[in-house]
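This report describes a protein model for a reader who has not seen it before. The sequence and the structure come first, and the description follows.

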Amino acid sequence: NTVDGTVHQNPVQGKIKMFPSQVVTPWNQQSKYGSPFFMSGVNLDVVSWSQALRGGAPLKYSEVLIHPDWKTAIATYFQLVVFLTGIFNPITKYLLTQFVLPKPGEGPSMEYMEKSCFLT
């Protein structure tokens, strides 16, 4: 609902895959295996908002990680489950933030990034 009381339909039909599955790539119609992408829920909201602001036509949106075989898709899925479980469990979150994950500001130096990344 908007301020004037009108109701707008979401122009994007989103589908978030929660488990590894077989997918067909739209660019070459090949059958591959996909696993959930952890940012797909947030990206769906961003795409919906952008499409609504543009006044664009309805579209379908989905996002997955593409893998060459089902073993890699399953392994990636379980890695995601283990990591998210570790982040949301207070005990393992403390251990991860203290001993595994980098602290704010501990990233690579600007010199390193300019030499090895962000090359134009």
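Buried here means under 20% relative accessible area, exposed means over 50%, and partly exposed lies in between, with a 1.4 Å probe and protein chains only. The model is a predicted one, in which local features need pLDDT of at least 70 and side-chain atom pairs count only at pLDDT 80 or more, while totals for chains, interfaces and linings use all residues. Residues are numbered from 1 along each chain as its sequence is written, and side-chain values use heavy atoms, with hydrogens and water left out.

## Overall make-up

Helices (H or I, at least four residues) and strands (E, at least two) are DSSP runs, numbered from the N terminus. The protein has four helices and five strands. Along the sequence they follow the pattern β-β-β-α-β-β-α-α-α. Of the 120 residues in the protein, 16% are buried. Contact means heavy atoms within 4.5 Å. Among contacts between residues at least 6 apart in sequence, 56% join residues at least 24 apart.

## The sheet

Two strands count as paired if DSSP finds at least two bridges between them. Strands of a sheet pair through backbone hydrogen bonds, either parallel or antiparallel. In this model, three strands make an open sheet in the order 2-3-5, with antiparallel pairing. Strand 2 (21–24) and strand 5 (64–67) are the edge strands, each pairing on one side only. On average, neighbouring strands of this sheet are turned by 50° against each other, direction ignored.

Strand 2 and strand 3 pair over four bridges in the antiparallel sense. Strand 3 (residues 31–36) is also joined to strand 5 by four bridges, and these two strands run antiparallel. Some of the bridge partners are these: Val23 pairs with Lys32 in strand 3, Gly34 stands opposite Ile66 in strand 5, and Pro36 has Val64 in strand 5 as its partner.

## The hairpin loop

Strand 2 and strand 3 form a hairpin with six residues between them. Thr25 lies in the loop between these two strands. Thr25 touches Gln30, Lys32 and Ile66, not counting residues up to four places away in sequence. Gln29 has its place in the loop between strand 2 and strand 3 as well. Most residues other than glycine have a negative phi, and most peptide bonds are trans. Phi of Gln29, however, is positive, near 55°.

Helix 2 lies across strand 3 and strand 5 and runs at about 5° to strand 3. Axes are lines fitted to C-alpha atoms, for helices over the stretch in contact, and angles run from 0 to 180 degrees between N-to-C directions. The expected span of a helix is 1.5 Å times one less than its number of residues. For the 19 residues of helix 2 this gives 27 Å, and its end C-alpha atoms are 27 Å apart, which agrees.

Which residues of helix 2 are buried? They are Ala73, Thr76, Tyr77, Leu80 and Gly86. What covers these buried residues includes strand 3, strand 5 and helix 3. Thr76 of helix 2 touches Ser35, Leu65 and His67, not counting residues up to four places away in sequence. Val81 is also found in helix 2. The C-alpha atoms of Val81 and Phe38 are separated by 9.9 Å, and the two residues are 43 residues apart along the chain.

| Residue | Class | Relative accessible area |
|---|---|---|
| Thr25 | buried | 3% |
| Thr76 | buried | 18% |
| Val81 | partly exposed | 34% |
| Gln29 | exposed | 58% |

## Helix 2 against helix 3

The axes of helix 2 (residues 70–88) and helix 3 (residues 90–100) come within 5 Å and cross at roughly 100°. Helix 2 and helix 3 are therefore roughly perpendicular to each other. Angles under 35 degrees count as roughly parallel, over 145 as roughly antiparallel, 65 to 115 as roughly perpendicular and the rest as oblique. On the helix 2 side the contact is made by Thr85, Gly86, Ile87 and Phe88, and on the helix 3 side by Pro90, Thr92, Lys93 and Leu96. By class, this contact has four nonpolar, three polar and one charged residues. Ala, Val, Leu, Ile, Met, Phe, Trp, Tyr, Cys and Pro count as nonpolar, Asp, Glu, Lys and Arg as charged, and the others, Gly among them, as polar.
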